Amino acid sequence: MTITVITGANKGLGYETARRLIEQGHTVYAGARDSARGEQAAAQLGARPLLIDVTDPASVHAAAEAVRAESGHVDLLVNNAGITGRPTTAAEPEAELMRRIYDTNVFGPVQTIHAFLPLLSRPGATVVNVSSGLGSLAIAADPALRASVPGWAPFPAYASSKAALNMLTVLYAQTFSHLAFRAVDPGYTATDLNGHRGIRTVEAGAQTIVEVALGERAAGTLFAGADGDLPW
């Protein structure tokens, strides 16, 4: 039995990723910070509800303990929960906004990974961090590459949080060699995060996450984009 935990799984990319993996035979814990919405989504999916607020250490550790008590291990952890905050430019000193976004997009995955590490003990266990092309230093520094990325916008809080997540993915992969760590960019997907302005469907965006989660892309530490590997 493949045990999968997905944060932010009550809607959008997390929900569709959960649905796809359940179709593949996974037992999915659909994580949500709101218990009512989480239970409703889990019932629709045929998943197990998991109350988890990635910004709350106590909630994260309680979620890990609940999975340990019920299943004993985790084969796949998908850190999907994330926020964008309001659009700003680098000219605006929005430190408080950045703290809030980092709390979810960076510190959230850090807390979740460390809480679930004892459960990710089986050979082939995988951690997938849902990132963004906006966090690519290579793209940000190259006008030609920026022009090729749909939805590119210099949102410093969100973009830098994803850049930090990319670096953490590399460092965790180097540190925990028994695990497969991967970061994935699902592309500019129409979700609540962007007011459904994205040009990709949720189904297409989730397909990229699922391919990486199932190891259908190249092995090793991987930064995969919706249209192939990206420069990071």
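Visitor: In what sense do β2 and strand β3 (residues 48-51) pair?

Guide: This is a predicted model, in which local features need pLDDT of at least 70, side-chain atom pairs count only at pLDDT 80 or more, and totals for chains, interfaces and linings use all residues. Residues are numbered from 1 along each chain as its sequence is written, and side-chain values use heavy atoms, without hydrogens and water. Strands are DSSP runs of E with at least two residues, helices runs of H or I with at least four, both numbered from the N terminus; two strands pair if DSSP finds at least two bridges between them. Tyr29 stands opposite Arg48 in β3, and over four bridges the sense of pairing between β2 and β3 is parallel.

Visitor: How far apart are the end C-alpha atoms of helix α1 (residues 12-23)?

Guide: The expected span of a helix is 1.5 Å times one less than its number of residues. The 12 residues of α1 should therefore span 16 Å, and this agrees with the distance in the model, 17 Å.

Visitor: Which residue just after α1 takes a positive phi?

Guide: In α1 itself, the buried residues include Leu13 and Leu21. Just after this helix, a phi of about 95 degrees is taken by Gly25.

Technical notes:
Buried means under 20% relative accessible area, exposed over 50%, partly exposed in between (1.4 Å probe, protein chains only).
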